[in-house]
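Subject: Structure handover

Hello,

Here is the structure I said I would pass on.

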Amino acid sequence: MPGNSPPITLSTPSFFFNTPLDLNQETLTEATDLQDTSFDLPAETATAGGGTVSSVAKTEKKRRRPALSCEQCRRRKIRCDRSLPCVNCVKSKISPCTYAPTHIPASRVKKGAGHTGAADSNSQVPARSAPAIGTTQRQSPSNSSARQKSSSIPSSTVGSNSEASTVDALAARVKELEQKLAKSCYITQPAEDKFIQPDDQEAESAPMKGTVSKTRFFGQSHWMNGIHMFPGVFDMLKEAETRRNQHHGGFTKCKALGRTIKANRSKAVSTDKLGENIPERGLADQLVNAYFDTFEGVVRILHRPTFMSEYERYWQNPKASSQVFLIQLQLCMAIGATLHDDVFSLRATSMQWVHEAQIWLVIPPEKRRMTIAGIQIMCMLVIAKACCAVGQDLTWVSAGSLVRQAMYMGLHRDPRHLGNMSVYRSEIRRRLWATILELNLQCSYDAGGPPLLSSKHYDTRPPANLNDDQLTDEPDSDRKPTGDPETLTDMSVQLALQKSFALRLVIIKHVNEFRSKESYAETLRLNSELTKACRTLTETLAALSEAQRHQPRTIFTHFHSSLVQMLTYRCFLSLHQPMVARSALDPTYYYSRKVSLDSSLKLAQITGLSTPRYGTSAPGGSLDPGVSFHRLITNGAGVFRVIPTQTLFSVALEFIKKSEEQNDSLGGGPVMNLFELRAVLQSAETWFERRIRAGETGVKGYCFVVASLALAEALEMGLPQEDVDQVVVDTGASMSIKAYDLLKEVAEREGLSLDEPENEEAIHIDVPAIDSDVMQGIMEMPFDWMVMGGDLGLDGMGAFNWARGGMSMPQQFDSVDPSVVSQF
């Protein structure tokens, strides 16, 4: 029996259980089915004289076989398959397909009374009807029952004609649709969409996936989630702090001196003199060229011919230049100053330029900043804050504001939807949107936050592979295809980076969005896709390098190749960082530990940390691409500091683990790659010394790397645990003294006079009190050595109250003091 047959009830005739009659019998009787039977007389009728005619005297009318075909097929006199809807109605697009209610003769009811009990003499088979073509067939149980109830309403006339039954079917259908409409449409009190989910559902679908602080939430890609992998180093430094020994005193002196240096760099900024702090022409040329030869080739923001024309007009008449151009010029020079020399001698001036740009963006009226030039300034400000260490830990917030202002100006819509723009205007908008997407993505990796953006939110096409001088004023709609997309142009590097944007966006959502499911299978799948993307990137960069040999001007350099690779390979660390800590207890995640190490060694090679660098580099103002990238890694902050730090975390963890394995091995032979890992950490020690000489006031990363080396060597020698702990403490004490000497060199270079305190008790540093009730039940770890100024912590903040969770679940960290997270 077909699945869509009417329900069987007590009044259903027994022919529904039999095999259908053959075609000849059905054809013979269907011709008489259309006759009206509503006026058939019953067995006994009244006579004109008031008597009755006996039913025995009157011969009972011969029973007719009920109609089984739908009304539409009966009307067309074709064979019906009796389904609902039937095949003929579907093919002919007839809607609806209906079956008339069938009258059951009294004799039929009497024969079935022995099986089904008493039956109504006026029993009927209910009418059936199929929904209109194009409507959905899926129904909820409540809707189905309502439909059956409404469709089973008998016709007002037994044995009515097809028109009457069709009206009944349509009436039932209308009632059913009204019920569905009443349940699906509402004005208040929605039934399904809720502002928050119930607690039991939220606990299942939203794991922690991050670290909580008093004022911030750090997702899994944040570098802070890697610190807990080194309890041996951190516990000993905590113990040294509680004992107030020489180690803690050395770091206290470093903190006091670092705050003095940073206070000396801060200068008052006046809104009346924005854009007036421009150096002499020779230095300005070096800084501007440094920016255009490096960053502008990877993230396109400015149109170089237009900017340089305005730049020349400025030197002809400085007072005639607009304030917008002066802010752009200062940001160009601030970024270029990071690459100018090894010691970042223009750090204080660069910080002032960044502060002036921030003030310019917020002073009223803000609507005047809603221009393409304003968007360009906001893009450059995000990069400058990371380079010059000005609020670099809050760039994710700035990037979010940048995305929304760009969308408010329509940059998320392709220019072809906004009117007939010129090629110049269209491509500038497309370039800026591609840059905004990349900046927002990198800030999400740094801050451990979701990107809050997806491909559904924009339809802007990728920029065309054109040089700056090819952007003309002809209509964009009339432009012809731009030839070979593999041709080396000013846009080639950014387009090569943009190819993997969609994948890197999926990865950061998988890692940081708290409602994304924690699936290791999905992690492995994304790892495979990222590996393919890196191979494609390597091939693309090799092709660009080969094309550069045939170019008369320099377009593609070592700086561009290194920066693009660093921004892509960092995704491996963020993808596998949540699993690396679990690999110590669960061998299932060992593959993540291996991938993390391999990618870290690759990043160490890219950033120049694979081998130590001694001595000085080229003189100030050198535009050598290799030197410029090394200076960026040494002088820069933000992403240029976070990626090497995460790299060192992975290398240090593997070095300590392999040292333990060598101590526990049977043969006691050398462990593979141990020499290479030691070389990276030794290079990192030199790198941190260079950073302190370049003006970084935080010395904790420097001591962490050296302490990790000392810990691994002590484990390799097989020393007792007490001796290992003492080695870590002694190493930290000696490094704090060396770091203090380096900071004194920086202070003297910046013109500070140092007054040495007679004793360590004279040094007073404000540490905010911590409520014991708040910390009750939480293991305190007051890492004051991790919190002092510079890239290892927020300046002026107190102790590092670190609550450690289970080693196997890095998401279970309960609390991290916000003072930890300024710059590592």
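The sulfur of Cys97 lies 3.7 Å from the closest cysteine sulfur, in Cys89, which is too far for a bond; a disulfide is a pair of cysteine sulfur atoms within 2.5 Å. The structure holds zero disulfides. Cys571 is likewise in no disulfide, and the nearest cysteine sulfur, in Cys534, is 7.6 Å away. Cys571 is buried at a relative accessible area of 0% (buried is under 20%, with a 1.4 Å probe and protein chains only). Cys97 also counts as buried, at 1%.

On provenance: this is a predicted model, where local features need pLDDT of at least 70 and side-chain atom pairs count only at pLDDT 80 or more, while totals for chains, interfaces and linings use all residues. Residues are numbered from 1 along each chain as its sequence is written, and side-chain values use heavy atoms, with hydrogens and water left out.

Now the helices (DSSP runs of H or I, at least four residues, numbered from the N terminus). Helix 19 (residues 520–548) packs against helix 21 (residues 590–607) at about 30 degrees, with the axes 12 Å apart; axes are lines fitted to C-alpha atoms over the stretch in contact, and angles run from 0 to 180 degrees between N-to-C directions. The two are therefore roughly parallel (under 35 degrees). Tyr520, Leu524 and Asn527 of helix 19 meet Tyr591, Ser592 and Val595 of helix 21, contact being heavy atoms within 4.5 Å.

Regards

Definitions and conventions
Buried means under 20% relative accessible area, exposed over 50%, partly exposed in between (1.4 Å probe, protein chains only). Angles under 35 degrees count as roughly parallel, over 145 as roughly antiparallel, 65 to 115 as roughly perpendicular and the rest as oblique.
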